[in-house]
Amino acid sequence: MSTTTNMTPAETKKSGGFTSAAANYLDERTSISTAVKELGRKIFPDHWSFLLGEVALYSFVIILISGSFLTFFFQASMAEVHYDGSYVPLKGVEMSVAMASSLDISFDVRGGLLMRQVHHWAALLFVASIGLHMLRIYFTGAFRKPRELNWVIGFVLFILAMAEGFTGYSLPDDLLSGNGLRIIDGMVKGIPVVGTWISFLLFGGEFPGTDIVGRLYSLHILLLPAIIVALIALHLLFVVVHKHTQYPGAGRTNNNVVGYPILPVYAAKAGGFFFIVFGVVMLLASFFTINPIWNYGPYDPSPVSAGTQPDWYIGFADGALRLIPPGLEWVWFGHTWSFNILIPLVGLGLFIGVVLSYPFLEAWVTGDKREHHVLDRPRNAPTRTAIGAAGVTFYAGLWAAASSDIIATHFKLTMEGVIHTLQAVVILGPFIAYFITKRVCLALMKKDREIVLHGYETGRIVRLPGGEYIEVHQPVDEYERWKLVSYSDYKPLALTPNAKGKISPVQRVRAGLSRWFFEDRIAPVGSKELEESHGDHH
Amino acid sequence: MPRTKKPTHGPSRRSGRRSPLASVALIAIGLLFTGGAYAAFSTTTASAATDTASQQTVAEGEKLFAANCATCHGLSADGTTTGPSLIGVGAASVDFQVGTGRMPMQMNGPQAEVKPVQFTEEQTAALAAYVASLAPGPAIPDAEYLDAEGDAASGAELFRINCAMCHNVAGAGGALTEGKYAPSLDGVTPQHIFEAMLTGPQNMPVFNDMNISPEDKRDIITYLKYVENNPSPGGFALGSLGPVSEGLFLWIFGLGAIVALTVWITAKSN
């Protein structure tokens, strides 16, 4: 690709041999040079955290490649057979064709087990890198105008990735995934009035039925990947349209992007990075077992293994079910109302809703209509960072709860102790995390201010001719100062009456939220203030 | 062996009529036969073990018992407020508890933990013989069931149905309530596995020979030994704990490596 770009397609034949001729041939028929010129000169800033989204993209490519391999051998049927492959402890055991073909992939197809493990490890990495990428976007404020919609697309991709993961996890029809499906079935049935009908629709009758694997397979390899590919394309298109964000620094403004052009530097780096990610996944898959279905055996509704958990990204939902106190179930109007299922369902739904709509919420609170291409340092948006920390704590508490039994055995604790502690973490933890994070952010801002105004302490004490002792401060250099003073500062919105001279309740809510966000603030150092502090090195 | 069958009481009269005691005697004979047959059926191994233990071993075991166990289990092994009665627990129970180091118990807790074994094999055998001499109970299993040469597939299925909910499908162990737990079965000897099923130590239910036949127990042992002796085909097993250890590994080492590499790629050259 890089060779094509260096060629300015000319109307006359120049010396350059085959590549030049080929480039010219292509360009005359596709006008590709316009696209290459435009894209190739796109500038990308260099920072490690900007590569996390790329990791997700590359994991997805790895998943597509390894998944295609698996479809050659996997049979999504729940017809019953007696296993006759090479794994001794399952010989002759009755199981579904799906399970038998998964075992054949693992033991009798050359390279099959490696591909299964590549597929599964890459799937875990896919969702994990999306998660980390989202945290980066959130804490640096990269979701602000004009990128709110891209945040929504990205978050929908995260949900779809979880759906892909769960449908894939259920395909082998082993004991573990069957238990996972049973929990989903239970949650669906917990929805009052319609739950049972939805469950029957989903499973084609009473659980587990003989349809579910085939249906999940269609979703897993057809519908969900198609939507994901389309949304990834849209997501990337938006990145190109919006241009990339950059961290604050000398010379970086909302009107420029400082970094390397895609061609040749960035394309080479990113292309190489794909192989690095592939290499890491390959290493994981070569050396570490994942989802040993041969241990779990075929699904049978009666056994449940100790340590039955979903893959990590569904853990928060499993944790919510584990933490909800027992006994919240009543019969009203001839229907069973299982609040021990409904509360987690509604709670997690709200959580997802808040995360999805956060950019719009914050934009409404700040009332800021400007475009932002320079990222926030997390400390410079204390309330947002604190809300993020609270959300992370909430999620992490639920997540940890999914492994409550493993925590209990491995740290020699009681199961009840772990559960009650995590209940407290999920409910009180977010408040504590919010408070601590906000204070830490404000303290860091104060420190920054101090450094800008007075420089760094050097520890050098000087006695002046007049007998006075002073400590020499080293002033901060200009590049550093740029980073420390250039951030957007918001003040709480004042309550102003509208055209009719009234203050609407919506206005009140907005002003209240704004006060909550920006009441505690440290103003950036202005030039006047900086001027006054000069020559004042003590 | 079954008891003697000479239950007739009193002299018989030559009257041509049945003695008034005849029906009583008949019932007594019947009861003794059925009871004896049942006893023979259910505890054949137990009584055999009792017979072979010599009186000397039993006496030695009694001394050891008095010195090491009687504080909690009582001088006549009939239990105290701090320890249960051992009448009828059988030699298998003693061999398991003492042979794995669980007894004598180090301290009171949710359950007795495995620790270095406190007695030699002879001492353990003597203790077992003594406890077995108190009353019939499950005996130490025959070696034919402990060779781990049974049907692994059937054993795996039985294990999943009966054992995996506490011990995990790969025998990696799991949590129970209030600090109790099902231990990992990795490295447990076939004899101890068999005895555990037979006697139901700690919080484990009893799987007696009516419930899971000795042949089935042999299959289960075969499966466990298969898992133990054949490393996971997929590479390191990460403790066979399932998705939790996989997820943790991915986040720490997988994503950790990836992040380190992104830092490396974007580092400014010096």
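This tour moves through the two chains of a predicted model, one selection at a time. Residues are numbered from 1 along each chain as its sequence is written, while chains are lettered from A and ligands numbered from 1 in the order in which they are written. Because the model is predicted, local features need pLDDT of at least 70 and side-chain atom pairs count only at pLDDT 80 or more, whereas totals for chains, interfaces and linings use all residues.

**Chain A as a whole**

Begin by selecting chain A, whose C-alpha atoms fill a box of roughly 95 × 80 × 60 Å along the principal axes. Its secondary structure comes to 20 helices and 8 strands, where helices (H or I, at least four residues) and strands (E, at least two) are DSSP runs numbered from the N terminus. Of the 538 residues in chain A, 38% are buried; a residue is buried if 20 or more other C-beta atoms, placed from the backbone, lie within 10 Å of its own, exposed if 12 or fewer, and partly exposed in between. Among contacts (C-beta atoms, placed from the backbone, within 7 Å) in chain A between residues at least 6 apart in sequence, 72% join residues at least 24 apart.

Next, select residues 175-189 of chain A, which form helix α8. Its 15 residues should span 21 Å at 1.5 Å a residue, and its end C-alpha atoms are 21 Å apart, which agrees; the expected span is 1.5 Å times one less than the number of residues. The buried residues of this helix include A:Leu175, A:Leu176, A:Leu181 and A:Val188, and also A:Asp185. Show what covers them, and you will find, among others, α7 (148-170), α9, α10 (212-242) and α12 (293-296) of chain A, together with α6 of chain B.

Move on to A:Thr196, which is found in helix α9 (residues 195-203) of chain A. A:Thr196 counts as partly exposed because it has 16 C-beta neighbours inside 10 Å.

**The nonpolar cores**

Now select A:Trp121, A:Phe126, A:Val281 and B:Val131, the residues with the most contacts inside the largest nonpolar core, which has 148 residues. A nonpolar core is a set of buried Ala, Val, Leu, Ile, Met, Phe, Trp, Tyr and Cys residues joined through C-beta atoms within 7 Å. Helix α6 (residues 112-139) of chain A gives the largest share of this core, 15 residues. Leaving aside neighbours within four places in sequence, A:Trp121 is in contact with residues including A:Val281, A:Leu284, B:Leu250 and B:Gly254.

Turn to chain B, which has 10 helices and 2 strands, and in which 39% of the 270 residues count as buried. Its domain assignment, which is automatic or taken from a database, gives domain 1 (1-52), domain 2 (53-134), domain 3 (143-230) and domain 4 (243-270). The C-alpha centres of domain 2 and domain 4 of chain B lie 53 Å apart.

Finally, select the contact between the chains, which takes 51 residues from chain B and 57 residues from chain A. On the side of chain B that touches chain A, the largest share, 17 residues, comes from α10(B). That side divides into 32 nonpolar, 15 polar and 4 charged residues, where Ala, Val, Leu, Ile, Met, Phe, Trp, Tyr, Cys and Pro count as nonpolar, Asp, Glu, Lys and Arg as charged, and the others, Gly among them, as polar.

Notes
Two residues are in contact if their C-beta atoms, placed from the backbone, lie within 7 Å.
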